[in-house]
Amino acid sequence: MIRKFHIVAIPIRIVVNKFGDHDPDGMMYALKENESLIQKKVQHHPFTPVDLVEPLVIRANAGDDIEITFENKLPFNTSMHIQDAEYEVFTSDGAFVGINPDTTVKPFDKIVYKWKVNFEGLFFFSDLGNPLSSELGSNVHGLFGALFVEPRGSWWTDPVTGKPIKSGVFADVHNPILPSFREFGWFFHDEMEVDDLTGQKPISPHTLQPEATHAINYRAEPMRNRSRLIQEGVVCPDCEGEEVHHDSWAFGDPDTPILRAYVGDPIKIRLVHAGVQETHAFHYHVHQWLFEPTDQDSELVDAQAISPQTHYTVTPLYGGGSLQGAIGDAIIHCHLYPHFGEGMWGIQRNFDTLQDGSQCYPNGVPIKALQPLPGLPVPSKPTPQRPGFPNFIPGIFGSKAPRPPLGIEGGREATKIEKNHFAPNARPGAVFVNPCIPNVTPEREFHVVLIQRPIIYNKQGWQDPEGRLYVLAEDEEDVLAGRKEPEPLVIRANAGECIRFKYTNKLPETIGGNAFQLVNRTYEAGMHVHFVKFDPLVADGANVGWNYDSGVLPGETIEYQWFADVELKATFWHDHLFPNEHQQHGVFASINIQARGSKFLDSHSGKEINAGTKATITNPLIPDFRELSLFVQDFSLLFDKDGCPLNPPPFPGSPEDPGVMGINYRNEPIQFRLKEPDFDPAYIFSSWVHGDPVTPMLETYNGDPVRIRLLQGAHEESHSFNLHRQRWYRERPDLDSEIDQQQHISISESFTLEFNMEGEGDFDMLYHYGSLDDIWLGNWGIFRTFEKMVPHLIPLKDREAPPTRKDPLPRPTGQKPPMAQQPGKPCPPNAYVRKYDVVALTTRINYNDDGDHDPHGIIFALKDDVHDILEGNVNPEPLILRANVGECVEVTLYNQLDEDAFHHGKEEHGYPDVPVSALFPPSKRISIHAQHVVYDVRYSDGATVGFNQDQTIGQNESITYRWYVDRDFGSANLWDMADIRNHRHHGAFGMLIAEPRGSTYLDPMSREMVYTGSQVVISNPLLYEFREFALLMHDGVRLVDVNGKLILDPEPLLIVSEEELEDFEDQGSRGFNYRAERLSHRITSINDVFKAFSSEGEHGDPSTPLFKAYPGDPLTIRFVFPADRARAHAFVIHGHKFLRSQNDVNSSIVSVKGQNTVGTNDDFLLFYGAGGLLRQPGDYMYRSGNIRWDIELGVWGIIRVLDHETELLAPLKPHSVIMMDQVGGDSE
Amino acid sequence: MDINSLSKQLGIEGGDINAIRQAVVSREFKDNKGQRALILIAPYPFLIIGTIFEVVSDYVVIDAQVTNISELDDERFSIHIDDIEVFYIQKPGRPEIPDIRKEHHD
Amino acid sequence: MADPIIEENQLFLDMLYKNILLVLECDQLNILGQTFRPIFTGKVVEVTNGFITLDPAIIKMHNAPFYKFPTPLSFPMEDIALFTPFDPNRRLPLV
C-alpha cells in the first residue's frame, strides 16, 4: 500500500517546559495539515509547551511504500534523509552527495521522496541540508523525526480518545493477530540552544552559572527551575533540590513525556538519539528488555548506551510493571547525571484502575482518559475505598512525597486506604506487590550501611576526602578504621532468592565546599537497584513521580526487598536521591546474581564470603569460575597529596568534566611511571620497573573460567574496556553474538565478559579503558595468570590442581626487563605462514588536498612502501594487513623512528591535551599489539606489561611477532603500545583483517595480488568475490594547516567559538584513514552548506577514501576505531543496511553503528550488495553520526556505485570465469 | 483402538508412534482441503496464512494469502508438514483467521 | 477425529479440558516480525492421535505474556518438548 504524507519544515518557537525555557529558533517537521494550527497555538501560548510541537512521527506498516511531499519553509536548504528504508539515491537521499543530483530543497520549494519499508522498527529521518554543528545548523534545533513501521496489517489509535491518528509520538497499535501495544516515541536530543523565559541563557540557582539543557521530544525538566521554586519558598521549603527533582508531590508532573499504561500492557518504546554530540545512557526503572528485540537468546538489558543518530526498540519484558506487575511511576532517564539534572528524564506510569477522564491527580490536574487495550481485561473502576495509583498515597501537594508504609523503623502507620491496596503478602519493602512467596522463596539478608571516609586512590596520595561508599554493617568498623581497604560493595545472591535488606544512612548532612562542589545538603539516601524485581512504590530507593520517597535520613534504617527471578549479571545499585552530588564519590555497588546453588568463596582463603569485588564462585552443576567486578569511574573529585584539586572545573559545581578517573576507587596515572634516566613511556606498564599498579589485580590459573563483571559507577563519560588476548561473546547468553575483546560502557550498564583463560606459563595481560584520557589518568591494570600454584590463590575444585611451584615469583627490580627472545609458538605446525615486514617511521601525513597535515606523523608501513613514503611520492594510509583464517602471521617490525621528527621533546605535549597534564617525553621505542589473534602473551603481545619481557623495540632494532588467525574475526585494531600518549594520535595504528580460508587479495583495478590497501577485492574458491572497504575512524589528531598553523579543533564552522578549547575528550581533529575532508575548505557561507558534500565545482571528490563498486557487488566494510579520545562516535552509511551482529541472523537490521570508541572493531556485510536492494548506481555517503563536530571536521566519504564499466574498476568475476582463467593459464 | 490397528488404517508399517502422529497431522490437512489455514514454522518466512490446496506425501501445498514477507504473498508453497510447529485450520463454524491485508479502522 | 485415542497418546487425553503449559522444540517463532519463545498456555479442547488443540491459546510473548491468540491453535505432538497442567494466570519468568 502507498501512504502519502505532505511534510513541511517550519521555523517554530519550541517551549520545552512550563517555566518558559525555550528555543526561539526551533525548527520542526510538521504535517502540512497541522502547520497553521501549530503556528496559531504557538502564537497563543508563547510561554508554555504546545502539545503539537513534538518531533514528527508518522507510521506505516512493513511492506508499505511511502511518498513524502516535502516542503521547506526554512531560510536555507533542508531535506529529509531517512535511515534503513529502501530508496533511490538520486531522488530520495535527502542530501547532495558526490555526483548525485541535489535532493535537498531550497527555501519555499518542494520535492517528492519515495521510500519503501520492509520490516518493523524505527526509521529515523533528519535534515542533511544544513548539518552544521553550531546553532546555525538545523538538527540541534529539532529538525528530525521518525517513521515508525508496524507489523503488517496494523492500525493505530489515540491512547486518550481511541480514534485513529495520522501522526504523534504516542499511539496504541493494533493488529489482528498480534497483541495491541502502547507505542511511545522517545527522542533524546542534546545541546539544544535553550533560553530561559527572559531570553537569557538559563542560570543555575545553585552555581549561578549558565547551564545546558538536554531534552526528550522537545521537552526538558531541568532541576534548576524546580530548585528555584524551593528557594523562593513556593514548595517544599525544607527540601534541597535533587532529592525532589522528580517528585510530582512537590511540583506536579514534569513536562517531559509521561508514558501511561495499565499494569501488564505491552509496551514498545521507539528510542532514538536525534541529537548531535553526546552518547547517552537510556535507563528505564523496574523494566528490562532484550538487547536484540527479535532474538529470544539475546542479552537482557535495562540500560543502553546510545550515540547520535542510532536507535533501538525497547520492548519491556512482561509489559508495564514487569513480571511482578508493579504499579506506580518508573522513571526513564539518561543516566549521565549532568544530563539527568539538565532535564533529560520522563516517567512511565502504570495505573491499576481505569482512567476514563473523570479522575484527578492529587494536585487537581485531571488525569486524561486512557483507553484499555483491546483483548486485555479492563481495569476496575476507582472507588473511594480503592482509588488506585496515585490517589491512595497520603501525600500533600507542595510537600515532598510521603515515606512508605511498613519499611522504616519507627515509621508511620499505614492508612486504611493504603491497606486496601496492599498485596496479600505485603511485607516491609514489598508492600503493594511482592513477588516472593513467604516461606517458599529462599531468603538472603544483608544489612547495608552508607558511610563517608577519605579514600586514597594511589601511592602518590591522590585522594577523595569525602569518599562515600556502601559497606556491610559487619565491615563498617574495619573500613572506617582502615583495617579493610575501601572498595565498591559487591554482594551476591542466587537466582530464585528473595533478598532482604536493612539499610542505614550514616552519611553526613552535607558535602562539598571546595573547588569541585559548592556546599550542598545530601541529607537523604537510598539504594536504587537495577534488574531484580521489587515494589517501586516503596523500594525504588528513589523519589519519583507520585510514588513514595524511599530514601531515608541520616541515622534512619529502612527495609527493602529484591527478588532475583533469574540468573542475572552484575546488578548495579546506587543512590537515587543525591547521585549528582555524591555518586562520583563512590556511592555505587552491585549484587551479582549467580546460578542457583552457587557458593561464593574468597579466592585467597577459600572461605565463604558475603561481599567483595573478587570471588571464586562454585556450583555443583556448572564449572566453577573466577568472578572479578570492575567499576570504572569518572568525575572523580580528587585532590593531590598537598590538597590541591586535580583538574578542577571552571567553577564549583560545573559539569564540565571535572576531576579524574578510577577503577574501584583506584587509579595508576601513567605520568608517575616514568623512570630515570630515560623517562621512557615504553615501560609504564612494567612491574619490573615500577611494581604492580594499585588498580585491581585480576588473578587466575591458566585454564580457569572467568567472568568479568563490567560496570560503570560514575558519572558522565564513555569508557572502552579493552583486554589483551582473551575474547568473549558480546551477549553472553547468545552464542551467535559477536566475539570481542572490547566493550563500550556508559554509566549503569552491566556486561559479563566470560572466557576461559587461555595461554601457557605465567603471564600478565593488560586491561585498560581505551581512551588516552582514561589511560593517562590511570584506568588500566593487570590480569595475571599462573601456570603453577601460588599460595594466595585457591585452585578451582572442579579442575586439576596446578603443578607445584619451585621457582619464586618475580619481584620488581627497578630495571628494564630483558627483550623477549622469540615470538612463541601459537600456530599449528602445518599452518601456512604469512610474513610481513613492517617499518615504523616518522613522516608527514596530508589529511586533505587543502594543506591540512600532520607534520609529525608516526605510522606503520610495509617495508617495500617506505621509500615512496619518505620521498613524498605516496601520502601514507594506515597499514592494513590481511591474513586468512588458519594462517600464521609473522610480522617483523623495524623501528625507523626519527626522534627529530617528534612534535615535542622536552616541553609538555599540550594540545590535544589531557587532564592533569605533565611532562611526558615521547618514546623512541615502538611495538605492534594486535586484537583478536591467538598468540603467546609472553612474547608477541606487543606490550611490555607486568612481569612480561620487553616486547617494544628501540631505534634501528627489530622484533618478530607471531600471531595465529584461528577464526573469522574480521577486523582488528593494531596499535603501538610503547607510547599511548605520544604515538597513537599521530597515526601509530593499523588494521588486521581475517579473511575466509583460501582467499586471495586483489587490486580492484588490475586484479593483481596486493599486500595492503583500504580497497581490495577478496576472491575465494568457494565463496562469492566481494569488495572490501577498510575504514579506520579516529580522533584526537594534531593537525596544522597549509601555513603550518596549529588547528585547534573542534573549530566550529561559520561562527566564532565561545570556548577556547572544548573538553579534553573532544580536543583534536578527526578523520577516516588519515584523511579529513573538512567542510571549512568547501563552503564559506550558510547558503552553501547543502553543497558541502557535492563533488560538483572546484572541490571535487573528498580526500577521504572513495570506494567504488558496480551495482549488486557484494560489499563488506571493515571498521575499526584505533584512537584516541573518550568521546564515542556513530558510523552511518546511506542507502545500505547490515546486521547489528554479523553472525546472528536474528539480530537487528540497521544502517548505523553507535558507541564507536578506542578498540571498536566491526564488520558490516551490506545487505543486497552495492546500491542496496534496488541496485541503484550513485554516490552513497558514509559518515559520522555526530553532527557536532565530526561532519564539519571532515569525517565523511563516498561509496560510488558506478552505472557503467570503467577501466578504473575491474568487475568482480563469478567462479566460472575464474576457473576459465585458470584453465587458460592465468596462474593468479 | 490400539496402535497396530491405527497404523494399519494410516498405512504405516509396524506401529511406529512417531510416524502415526505425523500421519494424523497430514491427514488433518488432507481432510480439510479448501479451508484456510494458519501455519507457524521456525524457518523463514515464519508465518503462512492461506488455503490448503492439497497434501502430497508429507508436504501440504498452500496457496498463500499472507506471510511475514509481503513479497511472498500469493505464492503456492509446499510445506513440509513435519516442520509445522503450530497450525490452525479454519473449519466451518470455528473462529475466522483475521485478514491482515484488510484496512482496519475500528 | 473419529479415531479413538490410542494408549500411547493417553497422556494427552488426560489433559483434555484442562489448562496446560506447553513448550515446543524450536528456538523461536515469529509472527509479523514479533518473535517469541514457543511457550503457550491454554485449555486443551481437542486431542487426536497426532496433535492437540488449545482454546484459548495464550502465547507467552516476552512483552505480552498473556496474549490470547484470536484463534485456537493446534500443536503436532511430535514438536512438543514438554507439557504440564498449569494455571494460565501464573506469572513466569521467560528468559
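This is a predicted model: local features need pLDDT of at least 70, side-chain atom pairs count only at pLDDT 80 or more; totals for chains, interfaces and linings use all residues.
Me: What is chain A built from, in helices and strands?
Reply: Chain A has 15 helices and 69 strands. Of its 1228 residues, 63% are buried. Take its contacts between residues at least 6 apart in sequence: 75% of them join residues at least 24 apart.

Me: Which domains is chain A divided into?
Reply: Domain 1 covers 2-220 + 256-351, domain 2 covers 431-596 and domain 3 covers 833-1201. The centres of domain 2 and domain 3 of chain A, taken over C-alpha atoms, are 43 Å apart.

Me: Why is A:Ile331 called buried?
Reply: Count the C-beta atoms around it. The cut-off for buried is 20 or more other C-beta atoms within 10 Å. A:Ile331 has 24, so it is buried. This residue sits in strand S22 (residues 328-334) of chain A.

Me: Which residues is A:Ile331 in contact with, leaving aside neighbours within four places in sequence?
Reply: The contacts of A:Ile331 are A:His246, A:His285, A:Trp345, A:Ile347, A:Ala542 and A:Val544. As for A:Arg349, it is 18 residues from A:Ile331 in sequence and 8.3 Å away in space, C-alpha to C-alpha.

Me: How do you know that both faces of strand S39 of chain A are covered?
Reply: Look at each side of the strand, residues 660-663. A:Val660 and A:Gly662 lie on one side, A:Met661 and A:Ile663 on the other, and all are buried.

Me: What makes strand S38 of chain A and S39(A) a pair?
Reply: Bridges do. Two strands pair if at least two bridges are found between them. Strand S38 (residues 625-636) and S39(A) have three, in the antiparallel sense. Opposite A:Ile663 in S39(A) stands A:Val632.

Me: What pattern does chain B follow along the sequence?
Reply: Chain B reads α-α-β-β-β-β-β. That is two helices and five strands. Of its 106 residues, 35% count as buried. The C-alpha trace of chain B spans about 55 × 30 × 20 Å along its principal axes.

Me: What covers the buried residues of H2(B)?
Reply: The cover includes H1, strand S2 (47-56), strand S3 (59-67) and S5 of chain B. Strand S5 (51-59) and strand S7 (73-76) of chain C also take part. Among the buried residues of H2(B) are B:Ile20, B:Val24 and B:Phe29.

Me: Which helix gives the largest share of the side of chain B that touches chain C?
Reply: First, the contact itself: it takes 28 residues from chain B and 28 residues from chain C. H2(B) supplies the largest share of the chain B side, nine residues. By class, that side has 20 nonpolar, three polar and five charged residues.

Me: How many residues of chain A are in contact with chain C?
Reply: 27 residues of chain A are in contact with 22 residues of chain C. The chain A side has 16 nonpolar, seven polar and four charged residues.

Definitions and conventions: Residues are numbered from 1 along each chain as its sequence is written. Chains are lettered from A and ligands numbered from 1 in the order in which they are written. Two residues are in contact if their C-beta atoms, placed from the backbone, lie within 7 Å. Helices (H or I, at least four residues) and strands (E, at least two) are DSSP runs, numbered from the N terminus. Ala, Val, Leu, Ile, Met, Phe, Trp, Tyr, Cys and Pro count as nonpolar, Asp, Glu, Lys and Arg as charged, and the others, Gly among them, as polar. Domain bounds come from an automatic or database domain assignment. A residue is buried if 20 or more other C-beta atoms lie within 10 Å of its own, exposed if 12 or fewer, and partly exposed in between; C-beta atoms are placed from the backbone.
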